[in-house]
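The following note sets out points for a colleague who is examining this model.

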Amino acid sequence: MVLSIEHLYKYFGAEPILKDICLTVENKEAVGLIGVNGCGKSTLLNIITGLLDYDLTSEGLGSLSIDPRVKIGYLKQNSGLDSSLSIKEEMKNAFSDLNDTLDRMKVLEQTIGDAEGEELEKLSSEYAELSAYFEARDGYRMNTRIDMVLNGMGFSPDDSSRTVSTLSGGEKTRLALAKLLLEEPQLLILDEPTNHLDFVTLKWLEDHLKSYKGAIIIVSHDRYFLDKVCTRICELENCRLTSYKGGYSQYVVAKKAASQRQMKEYEAQQAEIKKLEEYIEKNKVRASTAKMAKSRQAMLDRIERIDKPLMLNKAPKIDLEYDIEPTKEAVKINGCELRVGLGTDSRLISDRIDMLIRRGEHTGLIGINGAGKTSILKLIMGTIPHEKGSVIFGGNVKLFYFDQEHASLDPSMTVLDQLLYRFSGLSVEQARKVLASVLITGEDVFKPISILSGGERAKVCFAIMILSKANVLILDEPTNHLDLPAKEVLEEALASYKGTMLLVSHDRYLLDRAATRIIEMKNGKLRSFEGNFTAYSEAVSAEEQQLAAEVSEKKAAEQEQLRKTEKQRLHRTKQQRALDAKKRSRIKELESLIEESEIMISQMEVEIASPELAHDYEAMNIKCTELEQKRAELDSMMEEWAELSDEI
């Protein structure tokens, strides 16, 4: 057991935000914590990490227990880093204990050489312990682990020397997460870890967390991510926590069944309450039945009220309608050069952009961060100029542009006034009805735009989108900052929209449901894939598998060629060894023959010099001829011996 919470409460003033929370987290368990914005998720995380105290009830209920050996790592939405350090230096701080160990080992290495006796034994023992500790914690692979995690989180080797202060907000979040993963705490707490991550980085993070050695608690609105990583989903709703086994998809099924059961219980209880209230109201004034009415009132007061399930009480579906159909080719980009920045600071993203958005298509535009997706939308909207090419709109096109920064909203206006100002003739009742469809109700319609959260501002933009009756929607990350209920409402609206749509998003659920075509932007080039995100993923996976098969086949062919070459080399080597053996045998034979020849020549020279042969001219001539032949044979054998010796 890593964490145990029993009957925990938290109040802000007189209002409870957490009621009777019970939660146990085991080692190697990944818990997804979900709920609408403001339901208390961050409050619960702050209590777990000790940043906030919980409240004891009058009966003394409430406890939080964490294994004292457990190190907690907490990634907040705004994590702090040392801005003066380089990326590599900041990552090395994740191994502060190993760095200290290594420094001490270096000191010992210098002092051990001069030590003797007991001091030498003591220093050697300390060095052995430190070395074992360093090796057991994989210290020798420290730099390799840093490079692996930085690469996985989207940082290139060239980024290592960049100073933290020069990073963007999204890059700092990714770097803080990378550092936390390197620290490997036994309890890893992540608050919206998928913000600012592209598909490649998301895939890497999902795979990394699936094999994480400790326990994980994740707050996220990314339903794909929750499905891939989590073994359990815990939902905060109406101040209470409910646990569901499995990932997000399993939660949806279980939640629906639980809500239906709760709705039946709620309706049955409401019927009972109504019956008691009617009895009390009828009988409390009569003297003969007042006592019974009082008893019924006590019974009514003791009833623990069942909350109405929020899942079955959602706002109505958003209806996106338009008045007129555009022509077949709704938006066309022809040969546009795409740049960001001005003058000498401008950066070329693509030397040529060609794109056709056909009527009725729902096109998802995807790519890594910085690929130029938002720039293409701004090119279409005319906020980025282009010297080359053209952007052509079809006839009857009526555009709506959702800017992820919500720059079109007037911060000085209230939510309601924003709609009434934009759409003349719109009544207050009509405006409030549209706002209710995007989950803005009650007094929230009178909030100034300036104090709204990112999610609330997005909902105001959606209300404007409904009223615009546009037949072409240009949407840039529309689900950013939205909680799950709001995402589901928007997702249903976009999926059922009959008009034309160009959508930039990292929300894989949304792309799966709402897109009919995916365009991938990579290295300044566009590639089109028919179908939704799943179809795109399958196509890319098939390409990767084909490429891997080709690489494998090429590698196998290269290895086969190497094998044949090596076999030939070994065969030649075997022949050479046999030839060398023959040469060595011949050398020995020659050495023996040379020795015999030299002895024979010496004997013949003695014979020729003898007095008996001196007066026999004919015999002398024969002996001299034989001697010359023997000397010639010796010279020949000496030359052969020398050549063979050089070759060996």
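1. In this predicted model, strand β7 (residues 215-219) is largely enclosed by the rest of the structure, because five of its five residues are buried. The burial applies to both faces of β7: Ala215, Ile217 and Val219 lie on one side, and Ile216 and Ile218 lie on the other.

2. Strand β7 has parallel partners. Strand β3 (residues 30-34) runs parallel to β7 and is joined to it by four bridges; within this pairing, Gly32 stands opposite Ile218. Strand β6 (residues 187-191) is also parallel to β7, here through five bridges, and Leu187 has Ala215 as its bridge partner.

3. Helix α1 (residues 41-48) is likewise largely enclosed by the rest of the structure, since six of its eight residues are buried. The buried residues are Lys41, Thr43, Leu44, Leu45, Ile47 and Ile48; the reader may wish to note that a lysine, Lys41, is on this list. After α1 comes Gly50, with a positive phi near 85 degrees.

4. An antiparallel pairing is found between strand β8 (residues 232-237) and strand β9 (residues 240-245), with six bridges. The two strands form a hairpin with two residues between them. Glu237 is bridged to Arg240 of β9, and Asn238, in the turn, has a positive phi of about 55 degrees.

5. His7 has a phi near 50 degrees, a positive value in a residue other than glycine. His7 belongs to strand β1 (residues 3-12) and, because its relative accessibility is 32%, counts as partly exposed. Asp138, which is not a glycine either, has a positive phi of about 60 degrees. Asp138 is placed in the loop between α4 (117-136) and α5 (142-152); with a relative accessible area of 28%, Asp138 is partly exposed.

6. Leaving aside residues up to four places away in sequence, Leu494 touches Leu320, His362, Met465, Leu473, Leu475, Met501, Leu510 and Ala514.

7. The overall dimensions should be read together. The radius of gyration of the protein chain is 42 Å, whereas a compact globule of 648 residues would have a value near 26 Å. The C-alpha trace spans about 180 × 80 × 45 Å along its principal axes. The protein chain contains 19 helices and 18 strands.

8. Packing and surface can be summarised for the whole chain. Buried residues make up 41% of the 648 residues. Among contacts with a separation of 6 or more, 69% are between residues 24 or more positions apart. The accessible surface comes to about 35,900 Å², and carbon and sulfur atoms contribute 50% of it.

9. Finally, the charges: the protein chain carries 87 positive and 106 negative charges, and their mean positions are 12 Å apart.

Definitions and conventions: Residues numbered from 1 in each chain as written. Predicted model: local features only at pLDDT ≥ 70, side-chain atom pairs only at ≥ 80, totals over all residues. Heavy atoms only, no water. Rg over C-alpha atoms; globule rule 2.2 N^0.38 Å. Buried < 20%, exposed > 50% of the residue type's maximum accessible area, 1.4 Å probe, protein only. Contact = heavy atoms within 4.5 Å. Areas by Shrake-Rupley, 256 points an atom, 1.4 Å probe, with all protein chains shown as cover. Lys, Arg positive; Asp, Glu negative; His and termini not counted. Charge placed at Lys NZ, Arg CZ, Asp CG, Glu CD. Pairing = 2+ DSSP bridges.
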